[in-house]
Amino acid sequence: MGWNRKVLRVNLTQGTCKEEPLNMEWANEYLGSRGLAAKYLVSEIDPKVDPLSPDNKLIMATGPLTGTMASTGGRYTVSCKGPLTGAIACSNSGGFFGAEMKFAGWDMVIFEGKSPKPVYLFIENDKAELRDASHLWGTSCWHTEEQIKVDHQDPLIRVSSIGKAGENQVLFAVVINDLHRAAGRSGVGAVMGSKNLKAVAIRGTKGVSGIKDFPAFLKATTEAKKVLADNAVTGQGLPKFGTQVLMNVINEIGALPTRNHRDVQFEDASKISAEAMHEKRESDGKSHLVTNAACFGCTIACGRISQIDKNHFTVKNSPQYWGASGGLEYEAAWALGAANGVGDLEALQYANLLCNEQGFDPITFGATVAAAMELYEMGVLTKEQIGIDAPFGSAQALAKLAEMTAAGEGFGKELGQGSARMCAKYGHPELSMSVKKQEFPAYDSRGIQGMGLAYATSNRGACHLRGYTVASEVLGIPVKTDPLVTEGKAELVKAFQDATAVFDAAGICVFTSFAWTLADVQPQLAAACGSEWTMEKLNEVGERIWNMERQFNNAAGFTNKDDNLPPRLLTEPAKSGPAKGLVNGLDKMLPEYYQVRGWTPEGVPTPETLARLGL
Amino acid sequence: MKIGFKLFASLTDYLPSDRKGNRVELEVEEGTTIASLIARYQVPERSAHLVLVNGLFIPPSQRPAHRLADGDELAIWPPIAGG
């Protein structure tokens, strides 16, 4: 059936681990992973709960294709009410941890309450127990993963953990698995830290059983892998150049947010691009990029493994960073680089390593540094307050601020609150480039109009992974649309949002959607879960998940006023490139979007819409 | 007239050796079209996927007739994506 039909409920207050059956009625309506975890979450917590209180819950969930031979079937999600936004948070990660959870026989783990002392959860197939983590508290994700493997004398254990950022409740702390894969957005790591839960370590040896029709599954997954291999994007472009190939593209079209969105093109974009990662360095004759890498079961292998220049000022006295490690991916390279005007590739990788080591989101961190740099240039923040001169373009400031945030020291504590709270504190809330207090990713919505609507309406705050219309507006996938116009974008955003919810809920990577449509996913799900999983049903499930998340946010206190963009994007025209003179046309797109969604003009799902979706 | 010619990702190898990064400046005759430059530098047509002039997308059907102007920046990528 694709599911193990088994949930582990961990009460951290009482120190108990209990098995319970998966609610199959809900699985039939929400599929798995993001969808099913959200259903459990909204059913079990008060939408107005303080995200960092023991009453919030944290759910780690797999999908029916997680751990199977479906390509990219290694994804799992971490869901909770998010501390950065106050909205529903659902962060998705690859690597190998999700598959291991499935191999151990579990579909999801629900954490509730708060442990009186630091603990980690150890799962070995059916056995699950909380263990003392006092020797791990205060250490990094990297140390934690290694130490747990040593403690158990088992290098095959898979670990998800928080670093100092999660312990310090940095509001954009992540959960790191497999050293450099992250459930990265909305601060899910801070919720884990608030519960005194340092890590989850899993060893599963059962494999995945219960595939409904195995011969059909073998056929469907094989055919779908061929689609990925034959596609020029997933078969060639992503493995060789990774997501970073977008740096020059997005700069060329004038949609690369630069210096806290003051500009839309970065003069040093080429220095921090995928092409630059392939070039040999003058200092040591080696290229930054060492190799590509794949998550569990992935036949794309877009991941980047790089080696920093040992002679660079950031690491010349820190040999622990000299080895090959994860990064840079496009979002991190943008946020650490163009967003604050830094064109030093090695400095970006150093900051990225610190993000992975101590577990914080490079997107929100980089964007918050950008806001701090703008406040510094305005004279609102001083060198004395920040601890270093911090003009746009300073690699030294970027490195120092990453160290301070990782350690939770000095101005790093203020950065750890994210840009919305920091900018409000210093009297300039308008300088936070965020929606619902979550910072934008790497696309300026003046140059890619549809992304403005996608950001404004994303259920977890500004995000590219909830409705990636860049695929259509820039890359021509599945069809090319004009990025500079607002017409037709309401339908486009809805279509991307609903389809993405299905990819996420299935337990596969959304990057497959550069080659696959839902019509490629459906035969795999039908073979794994049952023939009732038709295209019609998948489309309905995607829309149901979206509306359920929206209902939670509305109940948490969000309104249509929160479906908005910062004034800079609505009133300050782009200064260069094809979008020169344009602002984002959210006012034209949003009412149409509500209509297309079947919501009231106030952004509330109508009774008819809720009835149609069984909500 | 002068134009900027940029080839990215796997197309970088098709640029002349005097490239600076992914760009060369070319002296071309008036009336030069996108398609003729793609052919002159032997870029496989199926690999010239994302074609931008001054950042604006030019669809395949317009590339044979689209004449470049002095100062234009022509940038070309193979099929790529990211996130």
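# Exercises on a two-chain predicted model

From the N terminus on, the elements of chain B run β-β-α-β-β-β. Helices (H or I, at least four residues) and strands (E, at least two) are DSSP runs, numbered from the N terminus. This is a predicted model: local features need pLDDT of at least 70, side-chain atom pairs count only at pLDDT 80 or more, and totals for chains, interfaces and linings use all residues. Residues are numbered from 1 along each chain as its sequence is written, while chains are lettered from A and ligands numbered from 1 in the order in which they are written.

## Exercise 1: Chain B

Task: Count the helices and strands of chain B, then judge its radius of gyration against the globule rule.

Solution. 
- Step 1. Chain B has 1 helix and 5 strands.
- Step 2. The radius of gyration is 12 Å, close to the 12 Å that the globule rule gives for 83 residues, so chain B is as compact as a globular protein of that length. The radius is taken over C-alpha atoms, and the rule is 2.2 Å times the number of residues to the power 0.38.
- Step 3. The C-alpha trace spans about 35 × 30 × 20 Å along its principal axes.
- Step 4. Of the 83 residues, 31% count as buried. Buried means that 20 or more other C-beta atoms lie within 10 Å of a residue's own; exposed means 12 or fewer, and partly exposed lies in between, with C-beta atoms placed from the backbone.

Task: Find the partners of strand β1 of chain B.

Solution. 
- Step 1. Strand β1 (residues 2-7) runs antiparallel to strand β2 (residues 23-27) of chain B, joined by 5 bridges. Strands pair if DSSP finds at least two bridges between them.
- Step 2. B:Lys2 stands opposite B:Glu27 in β2(B).
- Step 3. β1(B) also pairs with strand β5 (residues 73-77) of chain B, in the parallel sense, over 4 bridges.
- Step 4. There, B:Phe5 has B:Leu74 in β5(B) as its bridge partner.

## Exercise 2: A sheet in chain A

Solution. 
- Step 1. Strand β7 (residues 119-124) of chain A runs antiparallel to β8(A), with 6 bridges. A:Tyr120 stands opposite A:Arg131 in β8(A).

## Exercise 3: Two contacts

Task: Describe how domain 2 of chain A meets domain 3 of chain A.

Solution. 
- Step 1. The assignment, automatic or from a database, gives domain 1 (6-203), domain 2 (244-439) and domain 3 (457-612).
- Step 2. The C-alpha centres of domain 2 and domain 3 of chain A lie 27 Å apart.
- Step 3. The contact takes 20 residues from domain 2 and 23 residues from domain 3. Residues are in contact if their C-beta atoms, placed from the backbone, lie within 7 Å.
- Step 4. β16 (434-435) and β17 (438-439) of chain A each supply at least two residues of the domain 2 side.

Task: Which element gives the largest share of the side of chain A that touches chain B?

Solution. 
- Step 1. The contact takes 30 residues from chain A and 20 residues from chain B.
- Step 2. Elements giving two or more residues to the chain A side are α8 (232-241), α9 (246-252) and α10 (274-278).
- Step 3. The largest share, 6 residues, comes from α8(A).

## Exercise 4: Backbone exceptions

Task: Locate A:Ser186 and A:Leu328, and state what marks the backbone at each.

Solution. 
- Step 1. Most residues other than glycine have a negative phi, and most peptide bonds are trans.
- Step 2. A:Ser186 has a positive phi of about 75°. Its place is the loop between β11 and α6 (188-194) of chain A.
- Step 3. A:Ser186 counts as buried because it has 35 C-beta neighbours inside 10 Å.
- Step 4. The peptide bond from A:Gly327 to A:Leu328 is cis, with omega near -10°. A:Leu328 is in the loop between β15 (325-326) and α11 (330-336) of chain A.

Conventions: Contact = placed C-beta atoms within 7 Å.
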